[in-house]
Amino acid sequence: MLYRFEEYALDTDRRELRNGGKLVSLAPQVFDILCFLIRHRERVISKDDLIAGIWGGRIVSESALTTRLNGARKAIGDSGEEQRLIKTLPRKGFRFVGEVREDGTSVTFPATVAPSLTSHDLPSIVVLPFANLSGDPLQDYFTDGIVEDITTELSRFSELFVIARNTSFTYKGQAVDVRAVRRDLGVRYALEGSVRKAEKRVRITGQLIDAESGKHIWADRFESSLEDIFDLQDQMAHSVVGAIAPRLEQAEIERAKQTPTESLSAYDCFLRGMAGWHDWTRAGHDAALRQFYRAIELDPAFARPHALAAACFLMRKSNGWVVDRAAETAETNRLARLAADLGRADAVALSWSAHALAHVVGDIKAGIALIDHALKLNPNLAVAWQRSGWIHVYAGECGVAIEHLHNAMRLSPLDPLMHLAYSAMAFAYFLLGDLDQSSTWSDRALQMRPDWPVALRVSAMSHAFAGRERLTRDAMTRLRALQPTLRLSNLHEQIFLHRPEHMQRFIDGMRRAGLPE
């Protein structure tokens, strides 16, 4: 059944809500509440009705119910104050009061993947039903809820083609061969796992598998105490998705390296660019930039290579590799704004565009607006939280930066870009005046990337202000070997800080660390 109201279309078969054709991301229980209220819109629905209809009569906390009702309102542009569509009747319940039109069949909408990329170009994944190891068949609802949440959260990644939950659950209760699943569904990857609940603890294990070769790409387990069980489902889904997303990207990069040069698509060129990006050398970034430009040439509407090309210029500035400052700033501005326009639904493109505009162009306002939108699109994207941390450091909002960087590290604890998060954390603490924390985080960054100038600068300044002369000298010696032309007079060419007092503290710190005028 397709229910239409205002500019929205709710498709019960596809389990999709669309706003003017654009897919709205919903948690499974939020979708179920919305369906339930619309189906029974001729009457007032009590809390007991909702709990019986959505949770099968299981005990549900008031906060969990309120959270999901608020989620349903937010998804359709409503609120508890306005109550335009979902009305609360005190001491009675809830009722959907919008005008609804019903269609007996679903309609076809255009794909929501990145412009001019077909689903066959994208890495595809199926989340198979997890095994319930609790020894209690009545706990299937919790295990199935985890799988539904993971499927929903993976669907936020515009670079993934995710098999719908209704299809994946046809394998429930079967002994599954992932290579047979590949033949059936044409997917590149499969995620399988198990859930074990015992007393007041729950353990979830997950395995990411290359469906063609059967090779295990990633495996991990997550444990937590049982408090609000439905909030726990959300937390576990976020943890699993945050952990596997970088592994999927790395697997795709390795696959693209093996693709014959003569048959490279725009997406393959982009992935080869990412391989150079992760090399973290000047030659690697130069090679990455060439591949990103090649991807743009093959597909001018593909947002992400525009954004990562802008990010190459961002890293050129941070590392002191700039050749023509005015030209590179103008090109960064062009690429980042075009990426933001092309990739309005691509959180990765928006994240790197935001960072490039803030750091290279100095447009903090645009950077914050774009990164906030990226986080709304995909709150499980570690790179978005990490870019947000940096942007808020530039803006002088160091407390927010630290919080967002912690989110990034929680979502992707083994991230190959972790040195960027560590150095941003060090910078934030330096600007706050906490020299011990600043030194600790910069040292962590340097353990991963000993030649990372950003971390060396913060390390030198922190040790200098703390009076640790030998450590200051060591950091400054390494920094000047990497950047022999760096001076106090040209520091502004490698860093942007919005607040004058923060820029002055940066200059004072580098002066105390021994950088010449």
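Analyst: In this predicted model, helix α10 passes α12 in a left-handed crossing. The axes of α10, which spans residues 303-319, and of α12 come within 8 Å and cross at roughly 35 degrees. On the α10 side the contact is made by A303, R304, A307, L308, A310, A311, F313, L314, M315, K317 and S318, and on the α12 side by V348, A349, W352, S353, H355, A356, H359 and V360. Sorted by class, this contact between α10 and α12 has 13 nonpolar, four polar and two charged residues.

Helix α12, residues 347-361, also packs against helix α14, residues 382-395, with axes that come within 9 Å and cross at roughly 15 degrees. Angles under 35 degrees count as roughly parallel, and α12 and α14 are therefore roughly parallel to each other. Their crossing, too, is left-handed. Here S351, W352, A354, H355, A358 and H359 of α12 meet V383, A384, R387, W390, I391 and Y394 of α14. By class, the contact of α12 with α14 has eight nonpolar, three polar and one charged residues. A reader tracing side chains may note that W352, H355 and H359 are among the α12 residues in the contact with α10, and that W352, H355 and H359 are also among those that meet α14.

A search of the whole structure finds 12 aromatic pairs. One of them joins W390 and F427 in an edge-to-face arrangement, with 6.2 Å from centre to centre and 85 degrees between the planes. Because W390 lies in helix α14 and F427 in helix α16 (residues 418-432), the pair ties together parts that are 37 residues apart in sequence. W390 is also one of the α14 residues that meet α12.

Another helix pair can be followed in the same way. Helix α8, residues 266-277, and helix α9, residues 282-298, pack at an angle of about 165 degrees, with their axes 7 Å apart. Angles over 145 degrees count as roughly antiparallel, and α8 and α9 are therefore roughly antiparallel to each other. The crossing of α8 and α9 is left-handed. From α8 the residues A266, C269, F270, R272, G273, M274, G276 and W277 meet G284, H285, A288, Q291, F292, R294, A295 and L298 of α9. By class, that contact has nine nonpolar, five polar and two charged residues.

Turning to the strands, an open sheet of five strands has the order β4-β3-β2-β1-β7, and its pairing is antiparallel. At its edges are β4 (22-24) and β7 (101-103), each of which pairs on one side only. From one strand to the next, the twist averages 25 degrees. Within this sheet, β2 (residues 8-11) and β3 (residues 16-19) pair in the antiparallel sense over four bridges, and L10 stands opposite L17 in β3. Helix α1, residues 28-39, lies across β1 (2-5), β2 and β3, and runs at about 100 degrees to β2.

Further strands pair as hairpins. Strands β5 (residues 86-89) and β6 (residues 93-96) pair in the antiparallel sense over four bridges, and the bridge partner of L89 is G93 in β6. The hairpin of β5 and β6 has three residues between the strands, and R91 takes a positive phi near 65 degrees.

Strands β11 (residues 189-198) and β12 (residues 201-210) pair in the antiparallel sense over 10 bridges, with V195 opposite I204 in β12. Two residues lie between β11 and β12 in this hairpin, and E199 in the turn has a positive phi of about 55 degrees. Strand β12 also pairs with β13 (residues 216-225) in the antiparallel sense, over nine bridges, and there Q207 stands opposite A219 in β13. The hairpin that β12 and β13 form has five residues between the strands, and G214 in its turn has a positive phi of about 80 degrees.

Terms used:
Residues numbered from 1 in each chain as written. Predicted model: local features only at pLDDT ≥ 70, side-chain atom pairs only at ≥ 80, totals over all residues. Heavy atoms only, no water. Axes fitted to C-alpha atoms, helices over the stretch in contact; angles between N-to-C directions. Parallel < 35°, antiparallel > 145°, perpendicular 65-115°, else oblique. Left-handed = near helix turned anticlockwise from the far one by under 90°. Contact = heavy atoms within 4.5 Å. Nonpolar A, V, L, I, M, F, W, Y, C, P; charged D, E, K, R; others polar. Pairing = 2+ DSSP bridges. Phe/Tyr/Trp six-rings, centres within 6.5 Å; stacked < 30°, edge-to-face > 60°.
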